Each structure stands twice: as structure tokens, then as C-alpha cells.
Amino acid sequence: MSEIVFEQVTHRYDGEVVLSDVSLRLAERRIGVIGANGSGKSTLARLVNGLVAPTAGRVLVDGLDVARHGREVRRRVGFVFTNPDNQIVMPTVREDVAFSLRRLRLDAADAAARVDRALDRFGLAELADRPAHRLSGGQKQLLALAAVLVAEPAIVVADEPTTLLDARNAQLVERHFAELDQQLVLVTHRLESVESFDRVLVVEGGRIVADGSPAEAVGAYRNLIR
Amino acid sequence: MIGSYRPGTSALHRLGAGAKLVGLAASVVVIALLPEWWMLLIALVLALLGFAVAAIPPRDVVTQLVPVLWILLVAAPLNALFSGWESAVEMSLRVTACVALAALVTLTTRVSAILDSVRAGLRLFGRRLDPERVGIVLAMTIRAVPLMTEIVRAVLEARRARGVEGSLRAVAVPVMVRSLQTADAMGEALVARGFDD
């Protein structure tokens, strides 16, 4: 497993403290992050991928400082956004998955084989030549996940990937997340999604207010919102 | 172009995107120079034969050509009024043949193949242009069309729901704001996918 380390991390946005003095060491296979809207959990996720840099402190992924080695970190950390429409860059399904491999400079046959495997795995093979904008919400999110996994990252960070989906598609997407071999950091509002996780963090007001097993953390969160 | 591609194994499908683009450009120039209506008719028939060779279903051909027929419905009578009916017929045949050929290329060529050939073409400019970057910009431009359509549709729906259908500002401001938000989010996604320079 990879190791994600937060060393006294503070992040400010527009003068407001979004995360405050967070210190963590995350080495578990399944890590859940729960909390209210605006609590700072999405910022926590973005820091792992280097999408935002800490105002103070350091975030390390396998010893690499995300602020200084952003590109190397992003090769190890795949990021799935809430809204797949914002993540899909290319016009068709196959092209979008293949887009993730451009920077890896693979030979054409290897790249095509990896794209085909990713499409197969997420049930997108038959939709390969379909325009991405004509997919359903669930299919779009699976496409976003396929586009991340085709690059074979060691860690997948997902920021509320099921928030915009109906119950059936949310379950479908979660089933695929559950089957991932990668280390997973899942930010979610669906408390049942993290029931089987190894560790769950509760973020509130920019601080980690609970950190432990799913039962402990979800219990603490329920008390918090009661 | 967005989602027009129809998979197939015909000779036209197998032909390289670069060759098809060059062929299209050359054909358009030739069609523009044809002086007689019957020559233009032959060009249009040849273009339509291309659809048959590529085994494109007639419905897809009609879908591609109907928009230009709507335009001709307005343009042809105007042309006839000012330049005579012969000119109107020639203009209609000329435009339809060119659009049919362009549709034939987009129906038989993946967007990625077109972008790859554009990139290859740009390499001829040496170091003055970054083909990879231009290719991504073109791809994102194509991708942005359905995104923008969706934004405008949602804003128009919201405007109707709130009973301010006459207000232009009620469309322009939210479309602008949401477009900028989407651009921001796509930029972030590009960085997350390794395109961070």
C-alpha cells in the first residue's frame, strides 16, 4: 500500500481557513472521508492529488511532496470528480479513456490493449465509439473511473462520485469502486458506502473530529449532526 | 462532427484521416470551380455514392444533410431572385455536394484520427507550434459544444420556471457564470489527468 502523510496541513482559500492543522498518516487500503458540505473534506481529497497546495505544512505521497513533485504524484494518484461531465475531455468514450495514456508515451498497440481492457472492465466496450455526452450519468461516471484506472495509478481518490447519480447507478458505481485493487480514498455523503472500509475520517470545520473504524467514525458523525 | 462517426470496415473507413481531409479540401476546390449545373449534379451523385460505399444508413445521411437543406430553403429563393434560377440551382448543388462530402468524412473518421492527422500536419511547422497542445484544444472545443448546449438548455429551463422569459440578462449572466465554472472544473480535471503544464 502507498502511504499518504499530512504534516500539520493548513489550507486557506480567500482568507478563510478550510483545513486547519491536519496531521494524518493514511496507509490503509480503504479510507472513507465523511462530513457536511463545506467541512473541508473535498479540499483534503484535492490535497492528496496536488490539485491544491497546502498554505502551511506538507502532504507527502510515498515520500513525495505534492507541492514540489505534483506531476509524479498525479501519476500515482488518480482523481475521480463529482461531476463526470467536467472530467470527460474527449468527444467519444474510447478517445477519452485513451487520452489518459497520452503522457505515458506507450506504443500504440500497448495503449490500445489497455484502453480495451479498461472499457471491458467497466462494461463500456459496446459504447466505445459513442459520444460521451450521450451516456447516462452512471455510464459517464464509469467512463471517468475507466479513464483514471487505465493509467494504473496506485491510489484512487474519489470526491463524492455518486452524489449526482440515482440509487441504482450509485450502487453500480460503488460496486466498481469496491472491486478496485488500488488504495482508495472515498469522500462521500453515503454513510453506508464506508461501512466495510478500514478507516473513516470525519471532517468538520476544517478539522478531523473523528478517525477510526467505520462504526466509531459514523457513530461520531451521527452524534455531530443530531 | 460530435458523435457523427459510424463504425465500419469499408474502404472509406480504412482510408487514412489525413488522406480524407486532403481529398475533401481538393474536392471542395474542384466543386467550387465547376461551371455547369450538370457537372455539379454528377459531383453530388458521386458524393452520395460514397455513402453507399461506406454503408452509411440513409437515415444518417438525411440527418447530416437536412440542416443544409433548411438553409437552402431560404438562400436559394433569394439567389434566384437576384441572380436567376440557374444560379440558384448551381449554388444549391454546389453547397449540398460540399456538405455531403464533409459529412462523408466525419461519418467514416474518428475524431481522434482527425485530430492525429491535424497534429501530424502541424508538425510541418516545426517548433513554432506545439501539435499536442493544439490537438487538445481542438478536442476540447468539440467536447465543449454539447456541454455549452446543456448549460444553455438548463438556464433557459430555469428562466421559464421562474417566469422571466423575456429577460436576456437572465440568460446571459448565468450562462457566462456556469461556462466559467465548467471551464475551471475542466482545467482542474486536466491537471488531475496529468496535463499540468
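## Model and conventions

Residues are numbered from 1 along each chain as its sequence is written, while chains are lettered from A and ligands numbered from 1 in the order in which they are written. The model is predicted, and local features need pLDDT of at least 70, side-chain atom pairs count only at pLDDT 80 or more, and totals for chains, interfaces and linings use all residues.

## Annotated regions

An unreviewed UniProt entry lists residues 4–225 of chain A as "domain: ABC transporter"; UniProt positions are given in the numbering used here, feature names are shortened, and annotations may be inferred rather than shown by experiment. Over residues 4–225 the chain is 35% helix and 27% strand, with the end C-alpha atoms 28 Å apart. Helices (H or I, at least four residues) and strands (E, at least two) are DSSP runs, numbered from the N terminus.

For chain B, an unreviewed UniProt entry gives "transmembrane region" for residues 12–31, 37–56, 68–85 and 91–115. Residues 68–85 of chain B are 94% helix and 0% strand, and their end C-alpha atoms lie 18 Å apart. Residues 91–115 of chain B are 92% helix and 0% strand, with 31 Å between the end C-alpha atoms.

## Helix α7 of chain A

Helix α7 of chain A runs over residues 167–178 and has 12 residues. From first C-alpha to last it reaches 16 Å, close to the 16 Å expected at 1.5 Å a residue; the expected span is 1.5 Å times one less than the number of residues.

A:Ala170, A:Val173 and A:Phe177 are buried in this helix. They lie on the same side of α7(A) because they cover an arc of only 70° around the axis, the arc being that of the directions from the helix axis to the C-beta atoms. An α-helix has 3.6 residues a turn, so residues three or four places apart point the same way. On the other side of α7(A), A:Arg168 and A:Arg175 are exposed. A residue is buried if 20 or more other C-beta atoms lie within 10 Å of its own, exposed if 12 or fewer, and partly exposed in between, with C-beta atoms placed from the backbone. The buried residues of α7(A) pack against α6 (137–149), β7 (155–159) and β8 (183–187) of chain A.

## Positive phi in chain A

A:Asp62, in the loop between β4 (56–61) and β5 (64–65) of chain A, has a phi near 50°, a positive value in a residue other than glycine. A:Asp62 is partly exposed, with 16 other C-beta atoms within 10 Å.

A:Glu160 is in the loop between β7 and α7 of chain A. Its phi is also positive, at about 45°, although A:Glu160 is not a glycine. A:Glu160 is buried, with 20 other C-beta atoms within 10 Å.

## Contact between the chains

The contact takes 24 residues from chain A and 24 residues from chain B; two residues are in contact if their C-beta atoms, placed from the backbone, lie within 7 Å. On the chain A side, α2 (70–76), α3 (84–87) and α4 (93–99) each supply at least two residues. Of the elements of chain A, α2(A) gives the most to this side, with 4 residues.

The residues of the chain A side divide into 8 nonpolar, 8 polar and 8 charged. Ala, Val, Leu, Ile, Met, Phe, Trp, Tyr, Cys and Pro count as nonpolar, Asp, Glu, Lys and Arg as charged, and the others, Gly among them, as polar.

## Domains of chain B

Chain B is divided into domain 1 (11–123) and domain 2 (130–192), with bounds from an automatic or database domain assignment. The C-alpha centres of the two domains lie 30 Å apart. In the contact between them, 6 residues of domain 1 meet 7 residues of domain 2. On the domain 1 side, the residues divide into 4 nonpolar, no polar and 2 charged.

## Residues of chain B

B:Ala19 is in helix α2 (residues 17–33) of chain B and is exposed, with 10 other C-beta atoms within 10 Å. B:Ala17 is in helix α2 of chain B too, but counts as buried, with 20 C-beta neighbours inside 10 Å. Leaving aside neighbours within four places in sequence, B:Ala17 is in contact with B:Thr109, B:Ala113, B:Ile114, B:Asp116 and B:Ser117. B:Ala17 and B:Thr106 are 89 residues apart in sequence and 9.5 Å apart in space, C-alpha to C-alpha.

B:Val171, in helix α8 (residues 169–192) of chain B, is partly exposed, with 16 other C-beta atoms within 10 Å. Beyond neighbours within four places in sequence, B:Val171 is in contact with B:Val155, B:Leu156 and B:Arg159.
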